[in-house]
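Q: Got the model open. Can you walk me through some of its local geometry?

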Amino acid sequence: MFTTKTDKNSNFSTSSLRHASNDFFRPHPKKINFAIFSAMPEELDFFQNTFSQNKYETVRVHEFEFKIYEYHNKRILIVHTGLGTTFAASIMTLIHHHFCPEYILLSGTAGSIKSELQIRDVVIVEKAFEAEIQGVFKLLKNTPFESCLTHPLKNQRFPQVYSADEELLQIAKNVNFSDIRIHQGTVVSSNAFPAPKELFEKIKNENPYCIDMETSAFYQIAWLLKARVIAIRGISNALNHDGTDDNVHESDVKGSAEAAAKVLLKILDTLLLKYDGPELQDSEMKLEAVNEVKELVKRFNLQPHPEGGYYARTFQSKDTVKSADKDRYDDEYRKAGTSIYYLLKNNDFSAWHSLKSDELWHYYTGCPIKIYVLDKEGNLTMHLLGNPLNNQDATFQVAIPAGNWFAAEIIDKTSYCLVGCTVNPGFEFRDFKLADRDALSKEFPQHSSLIRQFTRDFNHELNFVNTQGIGKKCGI
């Protein structure tokens, strides 16, 4: 709880704080795991589109409104800062104070200084410095103002160059894309656009890759607050040798921002795999199966989800439809269709759940998978999804009618299965219902053993329900 001491002789009282809004000064109780910052809306379009189908909550701090998305059972805040070092520093400090993010990730664009950089290349920012303040370090030495070079709160000398978090940097250096050229190096920040011409020659002596208007501020605040930060910059334009830009109107903000965002998302997903994802190596799995799962995860960028296994969104229709039954979707529009890849391995299973839409499962590779379907009358049907050329009881596709309960498991616990899941009309979180173990067992006592086998305990499911997409459906 936030408390305030008031000096008897001061005119500044708690009533003044109330007038200024208590919410502004009190840290928000809902801690987040990640904060993703960018200056311009165009620089965050990729993330907002990526998380658009995920569950989120809106949080208001003073007059500012923020969205916190659920992503792989983690809370992610997406934040616009506005242009320049002042806004970057102030908004980052605000977010750090109210939400205490574990990691701060910066995505955006920059102008290239090094001639070998091309438009839409990406720079992982190892270090950052502020252009305008560099000369101060030499000018203040051996003068009455030299004490200014020591920060009074940290009691440490100001660094001339600030560094990214080492753990994030190591993860970033291992990220690869076949269609994106990635570099690592130093970035300089300045509030002069495209660059301060009078300082440009001195700037180049520090060997920076590119120039932007925010990164140094982020890194300085991270140093001050001991925050874990990394910035990824997409090259949107190329500066001339003197710091000018004759072709600024031909800059590719959208393309370079998307390239940087893709790299940053890969870093985020790698962190999730490292700390929260299911282990690919399992002593009960065949070595060949383990290697194939690793290859599939890498090739199709499959991501872990709270219910076990991996998924990747593959399609979302641009068309929308409305059901003739106005009560089915509360008379709201839905995407015409959505689909994902979905991979189960070892002892993973898809828990009992139901949808308001029909769902079609497609077999791709691996061992067969059992899909259990329970209709409203309590009739249980078991389908075998797999290759009918290898198993005469299997079929390539299984359709689950809307409103039915269903669950799934793989047949061979030493192997895996990769399937596709298509939902028509398209999946929405509010159309999903995860089964309550006791309630479903009470409704269909004749199937209580199977229901308990493919549901989890209450605490897990309570946490599961509050996550971003509920099991395999989190990405549809």
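A: Ground rules come before the details. This is a predicted model, where local features need pLDDT of at least 70, side-chain atom pairs count only at pLDDT 80 or more, and totals for chains, interfaces and linings use all residues. Residues are numbered from 1 along each chain as its sequence is written, and side-chain values use heavy atoms, with hydrogens and water left out.

Q: Fine. What span should helix H10 have, and does the model agree or disagree?
A: H10 covers residues 287-299, and its 13 residues should span 18 Å at 1.5 Å a residue. The end C-alpha atoms are 18 Å apart, which agrees. The expected span is 1.5 Å times one less than the number of residues. Helices here are DSSP runs of H or I with at least four residues, strands are E runs of at least two, and both are numbered from the N terminus.

Q: Which residues of H10 are buried?
A: Ala289, Val290, Val293, Leu296 and Val297. They fall within an arc of 130 degrees seen down the axis, so they line one face of H10. The arc is taken from the directions from the helix axis to the C-beta atoms. Buried means under 20% relative accessible area, exposed over 50%, and partly exposed in between, with a 1.4 Å probe and protein chains only.

Q: What do the buried residues of H10 pack against?
A: Four strands: S14 (310-316), S17 (338-345), S19 (358-366) and S24 (416-424). Contact means heavy atoms within 4.5 Å.

Q: Which residue just after H10 has a positive phi?
A: Asparagine 301, at about 55 degrees.

Q: Switching to strand S5. How many of its residues are buried?
A: 10 of 10, across residues 103-112.

Q: Which strands does S5 pair with?
A: S1 (residues 34-38) runs parallel to S5, with 4 bridges. S12 (residues 229-238) is parallel to S5 too, joined by 9 bridges. S11 (residues 210-212) is antiparallel to S5, with 2 bridges. Two strands pair if DSSP finds at least two bridges between them.

Q: On to rings. How many aromatic pairs are there?
A: The whole structure gives 17. Rings of Phe, Tyr and Trp (its six-membered ring) pair if their centres lie within 6.5 Å; planes under 30 degrees apart are stacked, over 60 edge-to-face, and the rest tilted.

Q: What is the geometry of phenylalanine 47 and phenylalanine 51?
A: Their ring centres are 6.4 Å apart and the planes are at 40 degrees, so the pair is tilted. Phenylalanine 47 is buried at 0% relative accessibility. Phenylalanine 51 is buried, also at 0%.

Q: What about tyrosine 56 and tyrosine 69?
A: Centres 5.5 Å apart, planes at 50 degrees, so that pair is tilted. Tyrosine 56 lies in S2 (residues 56-61) and tyrosine 69 in S3 (residues 64-71), so the pair ties together parts 13 residues apart in sequence. Tyrosine 56 is partly exposed at 41%, while tyrosine 69 is buried at 6%.

Q: Which residues do ring pairs link into a cluster?
A: Phe46, Phe47, Phe51, Tyr56, Tyr69 and Tyr71.
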